[in-house]
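Open the model in your viewer and keep the selection panel at hand. The stops below say what to pick next and what is there.

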Amino acid sequence: MTDSSTETSRLRGLMLVAGREIRVRGLSKANVISLIVTVLIVGVLAALPTILGGGDDENEKVGLAGANAAAMEAQLNAMGGFDITRFGSAGDAEKAVEDGTVDAAVADGRLYSEETVDTGLQTQLDSAWQAATVQTNLSEAGLSDAEIAAALTPQTLETVTLAEGATDPVTSYFTGLVISIMMFMMLMTPVQYIAMGVVEEKSSRIVEILLTSLKPWQLLGGKVIGLGVISLVNLVAMVAAGLGVSAATGVLGDLPPGTASAAISTIGWWLIALVLFGTLAGGVGSLVSRQEESGSVLTPLIMSLTLSYIGAIFTLNAPTSTFAQVLSIVPPFSAITMPTRMAITTVPTWEIVTAIGLLVVAAAGALALGSQLYKRSVLYTGSRLKLTEALRRAA
């Protein structure tokens, strides 16, 4: 057999295992239902601002009468969101309010309404009335329209932001929070499934049959790839649902400018982290032969993921602190902390490059350790193997 055909055969075996994981796990009823529910939740959360402000898009019906009616109409038209009706007298405007033709009316310095006026509407009407009164007084004083416009158009403050790349802190905070939660969930789920799958194959002795035609690295690698593809599909579906609903409801434009690049880079961080945690999960999962014991060997990995998530939450509140800088560089914590930090503040390039380099090295080390543990322990049955015992066993 030639080298090329041997390589093709190895890859085919790897892809066969990955395909099996996708069919068994990805197309399972539990995963499909979970994905649908999660996508619906993400869609509802994305539409929540529009749902809570459901009636805000409807124009307020306002009636105007009196000497300042024309000037006030101009002010309200500039604000937008009003359907304005002019009346010949204050009595007509008051009657229109009683009939329900308009929601409120302003005439000769009085605000008419059937019930208490909404605070926001009253503030807008007060502001428009005051501006209209000033405009009328200036016109009566002999000023031209151009002079009145100049007097009523004050120069706005110029905003100078000293921090580079600063964005709205509230929106940035929630963007980072979403990224940290997504990273945590999209790593925790495949890590548990990988370990559970290894233990299941050991306890049922299926692995002994599979190893007659496949190599250990093909079994472990295919499992990591297959479950990684499932998690990636789930992640893309959730992101697409969130962005799609946000675009449909008009909320997308309120997101920080760097949201797209942060989301794309998060996928890269997630892939590296999946190799790190996924291969270790397969390795430590092979140390036990029963599902009841899998929790004990997974505890260090789950604790690492949990601490990484907690560190990311701390970073949201102090992204430039020394602790946040260290946590976002040192693996495995950097897998979640760095993309979270990148979403809320400008991170120096050297820190990002260093974090990526160290995480890649850690992933390579985890790949080597996990594959050795799997190869030396997957055929062992009985009580739980200690880590040192597994590494001393013959491959």
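At what angle do helix α11 and helix α13 pack, and how far apart are their axes? Keep in mind that this is a predicted model. Select residues 291-317 for α11 and residues 334-344 for α13. The two helices pack at about 20°, with axes 8 Å apart. That angle makes α11 roughly parallel to α13. The crossing of α11 past α13 is right-handed.

Now show the side chains where they meet. From α11, pick L305, S308, Y309, G311, A312, T315 and L316. From α13, pick I336, T337, T340, R341 and I344. By class, this contact holds six nonpolar, five polar and one charged residues.

**Next stop: the sheet**

Which order do the four strands take? Reading across, the order is β2-β1-β3-β4. The sheet is open, and its pairing is mixed. Select 82-86 for β2 and 110-113 for β4. These two stand at the edges; each has a single partner strand, so one side of each has no neighbour in the sheet. On average, neighbouring strands are turned by 25° against each other, direction ignored.

Find L64: it stands opposite R86 in β2. On to β3, which pairs with β1 in the parallel sense over four bridges. Here V62 has A104 in β3 as its bridge partner.

Stay on β3, residues 104-107. Are A104, A105, V106 and A107 buried or exposed? All of them are buried. A104 and V106 point one way from the strand, while A105 and A107 point the other way.

Continue to β4. Four bridges join β3 to β4, and this pair runs antiparallel. A105 has Y112 in β4 as its bridge partner. The two strands form a hairpin with two residues between them. Select D108 in the turn: its phi is positive, about 50°.

**Last stop: helix α9**

Select residues 216-249 for α9, then residues 349-377 for helix α14. Their axes come within 9 Å and cross at roughly 125°. α9 and α14 are therefore oblique to each other. This crossing is right-handed.

Which residues meet here? P216, L219 and L220 in α9 meet G370, S371, Y374 and K375 in α14. The residues of this contact divide into four nonpolar, two polar and one charged.

Pick W217, also in α9. At 42% relative accessibility, W217 counts as partly exposed. Leaving out residues up to four places away in sequence, W217 touches R10, L14 and G222.

Finish at N234, in the same helix α9. Why does N234 count as buried? Its relative accessibility is 13%, and buried means under 20%. Beyond its neighbours within four places in sequence, N234 is in contact with N31, L35 and M186.

Definitions and conventions. Residues are numbered from 1 along each chain as its sequence is written. This is a predicted model: local features need pLDDT of at least 70, side-chain atom pairs count only at pLDDT 80 or more; totals for chains, interfaces and linings use all residues. Side-chain values use heavy atoms; hydrogens and water are left out. Buried means under 20% relative accessible area, exposed over 50%, partly exposed in between (1.4 Å probe, protein chains only). Contact means heavy atoms within 4.5 Å. Axes are lines fitted to C-alpha atoms, for helices over the stretch in contact, and angles run from 0 to 180 degrees between N-to-C directions. Angles under 35 degrees count as roughly parallel, over 145 as roughly antiparallel, 65 to 115 as roughly perpendicular and the rest as oblique. A crossing is left-handed if the near helix is turned anticlockwise from the far one by less than a right angle, and right-handed if clockwise. Ala, Val, Leu, Ile, Met, Phe, Trp, Tyr, Cys and Pro count as nonpolar, Asp, Glu, Lys and Arg as charged, and the others, Gly among them, as polar. Two strands pair if DSSP finds at least two bridges between them.
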